[in-house]
Amino acid sequence: MNTVSPQLMTVFREEAEERLGEIANCLLAVEAGQPPPDAIDLLFRHAHSLKGAASMVGLEQASEIANSIEDVLAPAREEGELAPELVDSLLQATDALRQAVNGELSPSPTATPASRPDSSVRVATEKVDRMLDAVGEAVIQRRRVEHLVGPHEVHSDERLEEEIDREQRLLDELQEAVLDMRTLPLSSITGRFPRAVRDLALNEGKEVRLDIAGVETQLDRVLLDGLADAITHLLRNAIAHGIEDPDTRERAGKPRVARLTLHAEPRGDRVAIEVADDGRGVSASLYEQAQRSGSLVGVLAEAGFSTADGVSPLAGRGVGLDAVKRQCESVGGRLEMESAPGEGMRATILLPVTLALFDALIVERGGQRYGFPIASVTEVVAVGDTTTLVGRPSVEVRGESIRLGDLARAVGADPSELPASPQALVMGEPGSRAAIACDRVVGQEEVVVKSLGSMMTAVPGYLGAAILSDGGIVLIVDPAYVLRNAGRSATVRRAQPTAVPEPKDAARVLVVDDQFIVRELERSILDTAGYQVQTACDGREALRAISDGGSFDLVVSDLQMPELDGLGLLAAIRSDPEHARLPVVIVTTQGSEDDRRRGAEAGADAYIVKNEFDQSALLETVGRLIGR
């Protein structure tokens, strides 16, 4: 017999998984009394195709099981009707066929199945990652060339500027295309959920209908690997804890058949996957506990916590939601939950679209730069006076005492002395938050994340590494790991404080940005440098602050904002004789030459692009314009 290549076997298994999913969904529709018009032909066609394909790749056991499915379907095909009582045996045969296809019933090598439309081109993840690495290196090399040539030389030579702009556009398009190849639709993991919900509900004596929507939503392949388990946990929890038995639902005036929904949708640079049920919701005591702590997730996901009365195959061991929460946080996402007594439960998993490219907050600790997925950071604060909370250092943030940890200790690095006035990243959910101290926050940058390689896979605490625009290397930190290890030490060593300017001598700066994290980052940098800082979330709020007697020495403003954008704010300031000479610095994502020109024509004194943002550049610009 000819040896089948691993590549061909992988393709076979991917296609087989699609057909097995179609078979299971069709059988469930038959059982529910809503069969498609061509149900028998569809089942027969898939079984026949699987039989032939399995035989060609040498999986004779799989071929025999597919043939037995054909034998059961043949009489139904002649009669033109499939009896619902045959569904259970056919579903069991489908399970056995899936096991045989994946090598679980034979010595064939196993492979992780992934579903793709028949018209797609299947590309190995390793090849996509190599392409992405090559594109990333090209982008970095272009930045280095531009850095060496210098912006003045580039802007003074129109042909060179056009060539660099064109090259950048091509690289951006290529990078986007490669990133698209790393993503798959959510449908690649949802095929088994209807069957799983049906079996779980039968075992619990409940009647449940699962509705799935948004399966075309794209996600990184790496994220999808762990997402199936997380969603399964949520579905199991809904059936075990939230959904009542049919008689109880009927007495409560609800339909006997419970509704369970799985819905996915893009939300900016995030993807939201919601699992919701119309069951009993949380108890009144749990609801009150969550109200006091400020986080339902924090209560339900506490390790070892369970709402079940006892241990069963579905529940009672208190590990489900804790595992889901950790899985989300390990990739820079988070888990949210909403519920009230009698109002069902909604669990939302928020994840980045891709792990390969995201905005990172760059910090420095002990001479080493680290990157955090910016979505994992709630805010940046300057660490002032500390107190002790349960024997460990804590810091007060907006009236809440939260534990203070040292980034160096959290990742196992050298815990050298922190500055007298360090900065800290506030992370985590209310009730379990931590402030992670670092030497300084460097800035924000879009990064392409690379694997640490086989030699570094055993080193915990990192998602990968990235090359920054200046050619430097930054380690991308796993936020969940840092949170778990934030309390490694009962002390946080800081240098002795030095004298800071009296508030009356400090210049006043107004920071305007509709993004909270950006606003707080700039506020923290300026506050640490000794400036008095006030913030506003849009241009209209900024104008009110100025007109209400705010004697500001400088304004730092975003360009794109609701209500009143940066250009509108700038025009209003320049048209007011009292504030016409007030220095204004624009900090924005729009960094083309045309954008810079419009900003200069509107009267901006300086223009900083967010993806080139650097703490020292901001402080130098502000200090130069204020003259202090």
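The structure is a predicted model, in which local features need pLDDT of at least 70 and side-chain atom pairs count only at pLDDT 80 or more, while totals for chains, interfaces and linings use all residues. Residues are numbered from 1 along each chain as its sequence is written, and side-chain values use heavy atoms, with hydrogens and water left out.

The chain has 21 helices and 23 strands. Helices (H or I, at least four residues) and strands (E, at least two) are DSSP runs, numbered from the N terminus. Of the 628 residues of the chain, 47% count as buried; buried means under 20% relative accessible area, exposed over 50%, and partly exposed in between (1.4 Å probe, protein chains only). Contact means heavy atoms within 4.5 Å. Among contacts in the chain with a separation of 6 or more, 69% are accounted for by residues 24 or more positions apart.

Two helix pairs were examined. Axes are lines fitted to C-alpha atoms, for helices over the stretch in contact, and angles run from 0 to 180 degrees between N-to-C directions. The axes of helix 9 (residues 193-204) and helix 10 (residues 221-242) come within 10 Å and cross at roughly 30°. Helix 9 and helix 10 are therefore roughly parallel to each other, where angles under 35 degrees count as roughly parallel, over 145 as roughly antiparallel, 65 to 115 as roughly perpendicular and the rest as oblique. The crossing of helix 9 and helix 10 is right-handed; a crossing is right-handed if the near helix is turned clockwise from the far one by less than a right angle, and left-handed if anticlockwise. Helix 9 contributes Phe193, Val197, Leu200, Ala201 and Glu204 to the contact, and helix 10 contributes Ala228, Ile231, Thr232, Leu235, Arg236, Ile239 and Ala240. The residues of this contact between helix 9 and helix 10 comprise 9 nonpolar, 1 polar and 2 charged. In this division Ala, Val, Leu, Ile, Met, Phe, Trp, Tyr, Cys and Pro count as nonpolar, Asp, Glu, Lys and Arg as charged, and the others, Gly among them, as polar.

In the second pair, the axes of helix 18 (residues 539-547) and helix 19 (residues 566-575) come within 9 Å and cross at roughly 25°. Helix 18 and helix 19 are therefore roughly parallel to each other, and their crossing is right-handed. Gly539, Ala542, Leu543 and Ile546 of helix 18 meet Leu569, Ala572 and Ile573 of helix 19. The residues in the contact of helix 18 with helix 19 divide into 6 nonpolar, 1 polar and no charged.

Side chains of opposite charge can pair when their charged atoms come close. The structure holds 27 salt bridges, each being a side-chain nitrogen of Lys or Arg within 4 Å of a carboxyl oxygen of Asp or Glu. Arg249 forms a salt bridge with Asp278, with the closest N and O atoms 2.9 Å apart. This pair links distant parts of the chain, 29 residues apart: Arg249 is in helix 11 (residues 246-251), and Asp278 is in the loop between strand 5 (270-277) and helix 12 (284-293). Arg249 is buried, with a relative accessible area of 0%, whereas Asp278 is partly exposed, at 27%.

Arg365 takes part in salt bridges with Asp406 and with Asp439. The side chains of Arg365 and Asp406 meet at 2.9 Å, N to O. Arg365 lies in strand 8 (residues 357-365) and Asp406 in strand 13 (residues 400-406), so the pair ties together parts that are 41 residues apart in sequence. For Asp439 and Arg365, the closest N and O atoms are 3.1 Å apart. Asp439 lies in the loop between strand 15 (434-438) and strand 16 (440-448), so its pairing with Arg365 in strand 8 ties together parts that are 74 residues apart in sequence. Arg365 is buried, with a relative accessible area of 2%; Asp406 counts as buried at 4%, and Asp439 counts as buried at 18%. Elsewhere, a network of salt bridges links Glu31, Asp88, Asp95, Arg195, Arg198 and Asp199.

Two further residues were considered individually. Lys325 is placed in helix 14 (residues 320-330) and counts as buried at 14% relative accessibility. Leaving aside neighbours within four places in sequence, Lys325 is in contact with Val297, Ala301, Leu335, Glu429 and Ser432. Leu223 is found in helix 10 and is buried, with a relative accessible area of 5%. Leu223 and Gln327 are 104 residues apart in sequence and 9.6 Å apart in space, C-alpha to C-alpha.
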